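Dear colleague,

Please find below the structure that I am handing over to you, with its sequence. My notes on what was found in it follow directly after.

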Amino acid sequence: MSIPKLGVGFGWRPELAALAARLEGLRFVEVVAENMDHGIPKAIDALRARGVAVVPHGVSLAVGNAELPLTVSVERLAKLQARLGSPFVSEHLCFVRGGGLESGHLLPVPRTRESLEIVVENVKAVQSALPVPFVIENIAAFFEWPGNEMDEATFLARVVERTDAWLLVDVANLHANARNLGWDPIAFLDRLPLERLAYVHVAGGEERQGFYHDTHAHAVVPSVLELLGELAARMPSPNVLLERDDNFPGEAVIEAELETIRSTLSMGGLLHV
Amino acid sequence: MSDGRAILAAKQAELMRALWAKGPVPTGFDSKGVLLEGETLLSKRRRFVMKMRPALARALGRRFSDHFAAFAAANPLPAHACADASRFASWFEDRLGEEDVLERINWQVGLKALLASSRREALSADMKADLDQFGALIQQAVKRRGPLALEEPRLKVALIIGSVAALGVELERGQIEPLRAALHEELAPTFEEDSPSSLLEAGLASLRVSVAVERVLERVLRPEQQERYLAEAGEDPFLGQNLPLLSIPAPTVELFAEAVAHVWTKAFVLGEGTLPAARKIAADYAREVFAPQPASGRGAMLARTAHALELQNEAETRLVEATAGEERDRIAKTRGSIIILRSAAATR
């Protein structure tokens, strides 16, 4: 299994459908898998007909849940992949439910050898139903579990090593954790097996009361672009996907951000040795 | 489930309760971070519901967050997030009966749409949704409290504040309470009135309210807000209420009197014998209407209009007294069904 070169795309949302339809160079978009439960929008099929790759991005399967993913959820994801002919499928290293409650939001997992076993089993359960690469993403959080035995990069590296999963590196989440939890983002990038990088997420956010909030509703901040440059210096021309979920600006603003991402990638690539 | 999974499940459940159900933050966790995560969860959930129910979000305005927090504390997030929005909507409807939240509803948006629809402006989809929401809330109030719900002074005051805001006067938070108190005080006599028995009386009652409201506004609003209110409220003394107004563009007392006598003749089907008396009453009425009045300002215009209505009321009473039998009954029954005004064109 391998990952095709797809360039720079963005998360498809109804508000951005017209932009997606208009951008000729667009090679890939992402759809929130759960949002496709009630049917695939015609605009998505139109993109596919043009050869644009459509990647399902799950938010509720969460390979860090204590329970094995439900067969029905895994099958739904696999069916969506087949329906969209997606080159790969992505999810998060997080948990989203517990004690009968849903979080509606991505929460961090404890990073111990014990929980690594559970995550590895969960990832394998998803992979067994998918004929394409399964990609897992780092998340942003305001807290960590006590008693962590390794950092997130090492944990992700071990999951990848044990399962042959691929990586989705969200540089905005990385910046958020660097800012809010005091992580060293460069060390994080250095510890990841970037040869398994499927793609990169870039998103906007804002500083509020001493914390960086990964809102997906504001402009991409310079520190996030710096991390993207650092990543491109280590792994040239990665696939990059811009996420914007709310407070949509004009199409020109999104286009400008896509352009900034492209130039950041070429700048970063120049540093590559 | 393996031991490892069971232990993890218990720990995750404990954390989830801390995040959602205000449970204790589990030992070893940074409580500030967990609290912040909890707030993020809640605001994400709230934004999603606001997106699914934009009209309710607009109707509640700043109150949405408070209501939603109360809802979320008692109702866990369902597995399918879409169900959250409909559950919140019905939870909110149920709450309407429990406390007087109607008074706190942001009436501005509904009234703005109502005003636009009464002016026969084309309504956007958003405004239509607001109007529906507004209608639903009013219906809810009537359902819960009976047909007199809207006669309740607190509601009336809320509606007036809403209309002022709907006219584009941006009220500051600190102004609303004094405005509310002053309106209650000034309007107290109008709350005591019997319900009007004719449109003329209804028009008069509405004008008396308007005059009282404007006295309050003059006191409470800052000059630029006052200016904005006057510009938007304009020359219509009834602010878009659909009353059967007859504006007579009569340039002289005689022509106005003649027009009034004509209107009465048609409306009351006056007999030949009554015409001289009717003409005489109309002439007296017209003279008083044309008597000099305080000239400028919206307050003066309202007072002038109220005065004209009172004059019409008196004149029609005289007409009843000047007649007898079936004709008298007919006039008594239909009087006040048309509100006669001197049109602005004639005043100038």
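Helices here are DSSP runs of H or I with at least four residues, numbered from the N terminus. In that numbering, A:Asn173 belongs to helix H6 of chain A, which covers residues 171-181. Please bear in mind throughout that this is a predicted model.

Confidence

The model scores ipTM 0.93 and pTM 0.67. For chain B the mean pLDDT is 80, and 82% of its residues reach 70 or more. Among the elements of chain B, the highest mean pLDDT, 94, belongs to helix H1 (residues 3-20), whereas the lowest, 46, is that of helix H16 (residues 344-347). Where pLDDT is low, the predicted coordinates should not be read in detail.

Chain A

Chain A has 273 residues, of which 60% count as buried. Its elements are 9 helices and 12 strands. Of the contacts in chain A between residues at least 6 apart in sequence, 79% join residues at least 24 apart.

Neighbours within four places in sequence aside, A:Asn173 is in contact with A:Glu137, A:Asn138, A:Ile139, A:Ala140 and A:Asp214.

Helix H1 of chain B and its surroundings

H1(B) packs against helix H2 of chain B (residues 31-52) at an angle of about 65 degrees, and the two axes are 8 Å apart. That angle makes H1(B) roughly perpendicular to H2(B). The crossing of these two helices, H1(B) and H2(B), is right-handed. On the H1(B) side the contact is formed by B:Leu15, B:Ala18, B:Leu19 and B:Trp20, which meet B:Val34, B:Glu37, B:Gly38, B:Leu41, B:Leu42 and B:Arg45 of H2(B). By class, this contact has 7 nonpolar, 1 polar and 2 charged residues.

Helix H1 of chain B also holds B:Gln12. This residue, B:Gln12, is buried, with a relative accessible area of 1%. Which residues does B:Gln12 touch, not counting those up to four places away in sequence? They are A:Gly64, A:Asn65, A:Ala66, A:Phe95, A:Arg97 and A:Trp145.

Helices H8 and H9 of chain B

From H8(B), the residues B:Pro153, B:Arg154, B:Lys156, B:Val157, B:Ile160 and B:Ile161 meet B:Ile176, B:Leu179, B:Arg180, B:Leu183, B:His184, B:Leu187 and B:Phe191 of H9(B). The contact between H8(B) and H9(B) comprises 9 nonpolar, 1 polar and 3 charged residues.

B:Glu186 is likewise placed in helix H9 of chain B. With a relative accessible area of 19%, B:Glu186 is buried, given that the limit is under 20%. Leaving aside neighbours within four places in sequence, B:Glu186 is in contact with B:Ala212, B:Arg215, B:Val216 and B:Arg219.

With kind regards

Key: Residues are numbered from 1 along each chain as its sequence is written. Chains are lettered from A and ligands numbered from 1 in the order in which they are written. This is a predicted model: local features need pLDDT of at least 70, side-chain atom pairs count only at pLDDT 80 or more; totals for chains, interfaces and linings use all residues. Side-chain values use heavy atoms; hydrogens and water are left out. pLDDT is the predictor's confidence in each residue, from 0 to 100. Axes are lines fitted to C-alpha atoms, for helices over the stretch in contact, and angles run from 0 to 180 degrees between N-to-C directions. Angles under 35 degrees count as roughly parallel, over 145 as roughly antiparallel, 65 to 115 as roughly perpendicular and the rest as oblique. A crossing is left-handed if the near helix is turned anticlockwise from the far one by less than a right angle, and right-handed if clockwise. Contact means heavy atoms within 4.5 Å. Ala, Val, Leu, Ile, Met, Phe, Trp, Tyr, Cys and Pro count as nonpolar, Asp, Glu, Lys and Arg as charged, and the others, Gly among them, as polar. Buried means under 20% relative accessible area, exposed over 50%, partly exposed in between (1.4 Å probe, protein chains only).
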